[in-house]
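Here are a few notes to read alongside the structure.

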Amino acid sequence: MKNIHQEIIERHIKTHTVQSDEDCSAVTMLKAFLRSNGKIAPNFAHGDKWPNIDGTFEFVPNPNISKRPKQNFSVQIKGTMNCDEKDGIVKYNLKSLGFPAYIYTRVTFDPGILFVVFNPNDRGNERVFWKYMSADFVNSINYEQESTTIYFSTDEEIKNTEASINDFCNSLCNIIEHHGFLNQLDDIYYSKEDLVRIIEECNKEICEDINRLDILNDTRDNVSKRLLKRLDDLCKSILLLNLLNENEEKVNIKLAWERAILNIRTKYLAEFYKALKYLGNRIPVEGQSERLMIKYYNFLWQIRKFLKERYNLSILENLEQFPLYTDTLDQQYYELVARVFNSNIPNNLPLSNFRYYIQKKIPFFVNGERYYEITLQLAGVYATKYNRITAYTKEDISTDYSIQIGYTDEFINLWDVNLSIKIITNWSVSIDPKCLNRLAKILKISTKLSPKYGEYKSLMEVLTETGINFLELIDLQDNEYSEIITKIYNNVNTTSYKDVLDKLRNNYSFDANTQGYNTIRYLIIDLKEETINNVLPTPYNQAVLSDEINLSRRCFPFEKNPYISNLIGKKTSENSIKKLIDVAGIDKFNIALPYLLIKREIDKTGEIYFEENTITSKEETNHYNMLLDSWEQRAGYKINNKDHLVCIDSYEKTTLYILKKLIEHSQKGIKGQDAFNKNYLKNSSIHFTDPLKEQALKDIFVDSSLLLIYGAAGTGKTTLINYISNMMTNSRKLFLTKTHTALQNLKRRIDNVGVGADFVSFDSFTKRVNLPDYDIIFVDECSTIDNRKMYDFFNKIKEDTLLVLAGDIHQIESIDFGNWFFYAKNIIKKNGASVELLNTWRTQDDSLKSLWNEVRNRYSLITEKLVIDGPFSENIGVNILNKNEKDEVILCLNYDGKFGLNNMNNYFQNANPNKAVAWQEWSYKINDPILFNDSKRFTVLYNNLKGKIVNIEKTKNEISFTIDIDIILTEKQCEKEDIDFIEIVDDNTTRICIKVYKYDSNEIEEYSEIMEMNSVVPFQLAYAVSIHKAQGLEYDSVKIIIPSSNSEKITHGIFYTAITRAKKNLKIFWSPEAMNKIVNSFNVDDSKQKSLNVIKNVLS
């Protein structure tokens, strides 16, 4: 801070400047200009009512909720007819320094705003600029002068539009937060000698504490606890030192913090100090201090570098001795597994009857030996990701085809619990004969290959021994191909499949040019039943690609260009690039590369427009576009290029189309709706606890036929939908959601659906051909609905349909690209067309609410709130197994791995004292909690339906489960789906019995599909559930398990969704290292913002 004599400041304050005519006109004009729907209440003065200031205004952020002002602002208003503007910067000469001097002396009181109105007497040509009198700004003025020049940027102009006034109000909110933190800081002044002495003393103590790690063998957490005590003084001293210069003898922390936050090179110091002030004098509980120090390590590294470069001060010379990574949980687990291999385990056990695909293979090393952790996915069209097992082997099993395994169940002791693990003793490639026979059918060759045939067994043996796949086989040179064929058929009695292999080689090897080339080559790499079924003609679509081959006409896009078009039913262009290069070659890949690079960036950032020179060259883009035919161009595969921005045509068109439709709906209200709403609310018995919901009901459909409902988890979005549904009681309604969970939740929560209402999943709705005339459509979970589905939605509904669209843009996003709901929040500004619910009702716990808000908005104190307010964090360990509440759930990200969903269910099931009943490779117990999966066999047992096993009976060929499910079903509903109805247990529970049958893969193909469907257990254990499956659910107690190996997959949306499932208790089990990595990834989300500005310009 400049060493300003108090008498100079007081002289400026006492200087009285008479208002000019322009100043008076500016005051009058500004009162009218700052219309803001009650947010700004001006109390401006004519005729110098106050010295040096022209009054105040009260700021009310949301007058519909509360008219209580959040902050008073002191103002000075100046008018002038002279506007000096150059390169977007406007200059103004402030001839009196009385106002900034006044604010200088009252910097911790009400914030000050200087308004300058250019051309105040020229109606229609007025321009209004504003400047926040921050501590940094008022200290930058030379008060020894009588005037100062003020520079205004374009961001500091208020235009005569509602949007610009709202932007100004948003800036006021930021000023209030900034000013509030400033008021917490002290006014003590320090000299440079004071600061250097404090820094040296702090450094001495910090270095001594770090040395304790080696000298005294202290723990990282204990040392961290000691270090935290000195960080406040160290950071504060460096902030102050940063402000000092040759002409400044003393400074204080208020100005030092504000100066640092405004400089990109020192902003980290201000953020560090803000975090330390949040901690205050609170001492973290055991195990939490090290979590803070891992975050603060980076700050300390930057401080060391800063002091050395700026002041030649050397500190923290032993910082590298502080251990950043001590997470050994994975290695400890793997060492337990490796010990099993060193025990006497049997060899070459019989192969199981079931086939599996290798979902994931992770090598790990113990004492110089290599092992593999393998996730195996049950093969078959009716198997799901819940039918996975984790097994261990020393063999490198390298095949993309299904396999059968021989294994033994062994035990390791983890957290004093005996955990069963599977050790693979032998394996073999085992392609389902159905897949091979259907592949032959596509080639118009009739085969009935069976596992009993020597030909089949020999083929599998060769594929196992060589590791080769069919594509590699048919691409071999003649000699090598003949050698493999001879090896297969040398000692077998039948050669029925040799014709298939020969036809594949003759017609579909790498240098062929035949119809179906890309599809056939992909099929023989994949050889999965569901992939083959998808490409066959159906009774409803019998068109074929050509007469020579039995492939559906729907394969045509993939045949044209497999790099940009998916094979039917699979996301091949996104997930199978390596396979596609083997299928179609590198040349076509290089041509499609501009498209693939843009698509990758879209998936990564959420943007749709990119600077051309950051992605590709104009020549490459033009070459790609030139090779597209008319069908591909109509399908939206073209790359658009305008003003050096590139985008994919279909992404741009669908985004703009959806937003235009939303804008159209937002501009069409209903005459008489205002009176209807008021009358309804007057006569209703609703007791509103949330004024935002009340205001939404007052405004709905008055000026807009659309209402967008935004809100965090637990803010009552469904409650508001219910209010609207009750109000529109005579309308025909449709309720849509993305998931069955949300759909069932809506069904339970809607009081009065009225006549002819329907509850349908969103995907099912977009596939319908004939639709009833709905008056109003409600859509929940909008953030999970992708653009293509929303495009189809608007093509199906009538123009006058009323829409209520609800969701949370901060939770898990759509699997496919979906940006429309995010952009709509920033574009739809019409009164009554949008509401954001702010009050959380899911929990009454203030620390939970505070954490949710910090994470939702990606603020800087997430780590501090996780550590201090809960604490909400703990290392992965035995406490996971200790149940805190009856209504408790374990949330995992993945199904795979040692701490994945399937293994965690096994840990908890081991604690269930009931006898285990083995079926296939899984075990079940009475009292196991379960969740049903999507099932073609049992449609009434919908995805995510909760239940509990109450009895199990098993015979040689079947297993029966008696289950209590959390819905009411009738006996008639059960009879239709081969479910035994037993009884109604209570108001929300039905007891049923279902049977699962043993499946023999050698069955005749005509009957095998039904038998295979009946052999799949339609539910999963639910001691633990996936974070994705938990969306829309809530529990009293939530435990989240995040192993370090999965930390990179935890996005902001996934983490936010997980922590907001808790109503009372939340505990996240992760290492300090994983926590730091994940929280650091939640930096300010500027994705989609660049495209937003482009979209606004296009729409305008």
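The points below go through some salt bridges one by one.

1. First, the ground rules: this is a predicted model, where local features need pLDDT of at least 70, side-chain atom pairs count only at pLDDT 80 or more, and totals for chains, interfaces and linings use all residues. Residues are numbered from 1 along each chain as its sequence is written, and side-chain values use heavy atoms, with hydrogens and water left out.

2. Searching the whole structure turns up 51 salt bridges (a side-chain nitrogen of Lys or Arg within 4 Å of a carboxyl oxygen of Asp or Glu).

3. Take arginine 304 and glutamate 320, a salt bridge whose closest N and O atoms are 2.6 Å apart. Arginine 304 sits in helix H10 (residues 289-311) and glutamate 320 in the loop between H10 and helix H11 (329-341), so the pair ties together parts 16 residues apart in sequence. Helices (H or I, at least four residues) and strands (E, at least two) are DSSP runs, numbered from the N terminus. Arginine 304 is buried at 18% relative accessible area, while glutamate 320 is partly exposed at 48% (buried is under 20%, exposed over 50%, partly exposed in between, with a 1.4 Å probe and protein chains only).

4. Next, lysine 361 bridges to aspartate 396, with 2.5 Å between the closest N and O atoms. Lysine 361 is in strand S10 (residues 356-366) and aspartate 396 in the loop between strands S12 (388-393) and S13 (403-414), so parts 35 residues apart in sequence are tied together.

5. Finally, have a look at the network of salt bridges that links Asp808, Lys825, Glu836 and Arg856.
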